[in-house]
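Please walk through this model with me. Start with the whole chain, then turn to two places in it.

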Amino acid sequence: ATPAAASGSSAAAVAEGSEEVAAPREPEAAAVCQAPATGSDFVPPSSSEECLELLRRSRVHWFAVRLSFQARSFLARPTQHLIRLVSIFRFFTGLADMLPAKLLVHVLEPVLSPAHRASAFVWGVSRLPDVTSLEEVLNLTNGQQTEFLGTLAQACMDALSAKMQEAGMGAEFTKALNKVRKAVEKQRFKRAQERRLKPIRDPQGAAVMKKAKNRRKQESKKRKVQETILKTKGAKGGLRAKTHRSLVDA
């Protein structure tokens, strides 16, 4: 198996088998995903409007939108919100497995928005070891934790794509994904323009941002050095003062 395949299987194992991360869930959301009891007067929704109304009444749509908003804010500092992001992506993956495609199509954009952003954390050759529990995730380095979140997000997107393709609704998935990609590219272009114009419009604010950026670079460099020392030597490096025996001691 390739390193990328091993990292993908590790993320899937934690996303599916770990019981330590409690995925947020409401009773109403579970009721939507389950078949109605025998003798009930429940009528499955047939039209798109009825499906959307059912999601709203069960609060599933609101819950997905709310979690999507929180996940996007957490992605600014992914390692500081590791547990929250793992729980959110795990919940989204479970939602893709439980909801039928007719209902899932109405929450594609909220789910894909943070998942597409986090999937960019995976690039090049994978450095992830085999991960089977949350404790092992917490013991990863910052770079590996970020990559692990990327594999979880990619697994979520793969689950959504497979579910929609199986139901013959692959076009709806592609449409939602393209819409999310355009929104992300538009926002990134807007931020790049603001950064370029910041020194002209607000020189003092630009100077503060530059100092903060340099400070983050220094902290990142120190952290990488410590991680390298831990990886090669198994402990942090340190210098001890060399003691010399004097003539009196002799």
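The protein chain has 11 helices and zero strands. Read from the N terminus, the elements run α-α-α-α-α-α-α-α-α-α-α. Keep in mind that this is a predicted model.

Next, the chain totals. The protein chain holds 250 residues, and buried ones make up 34% of them. The chain exposes about 16500 Å². Carbon and sulfur atoms supply 53% of that area. Now consider contacts between residues at least 6 apart in sequence. Of these, 76% join residues at least 24 apart.

Turn to helix α3, which spans residues 48–57. Which residues of α3 are buried? They are C51, L54 and L55. Look down the axis of α3: these buried residues fall within an arc of 100°, so they line one face of the helix. The other side of α3 has E49 and R57, both exposed. Just after α3 comes R59, with a positive phi of about 70°.

Now move along to helix α10, residues 170–201, and find K198 there. Why does K198 count as partly exposed? Its relative accessible area is 27%, and the partly exposed class lies between the buried limit of under 20% and the exposed limit of over 50%. What does K198 touch, leaving aside residues up to four places away in sequence? The contacts are P203, G205, A206 and M209. Take M209 from that list. K198 and M209 are 11 residues apart along the chain, and their C-alpha atoms are separated by 9.6 Å.

Technical notes
Residues are numbered from 1 along each chain as its sequence is written. This is a predicted model: local features need pLDDT of at least 70, side-chain atom pairs count only at pLDDT 80 or more; totals for chains, interfaces and linings use all residues. Side-chain values use heavy atoms; hydrogens and water are left out. Helices (H or I, at least four residues) and strands (E, at least two) are DSSP runs, numbered from the N terminus. Buried means under 20% relative accessible area, exposed over 50%, partly exposed in between (1.4 Å probe, protein chains only). Contact means heavy atoms within 4.5 Å. Accessible areas come from the Shrake-Rupley method with a 1.4 Å probe; for residues, only the protein chains shown count as cover. The arc is that of the directions from the helix axis to the C-beta atoms.
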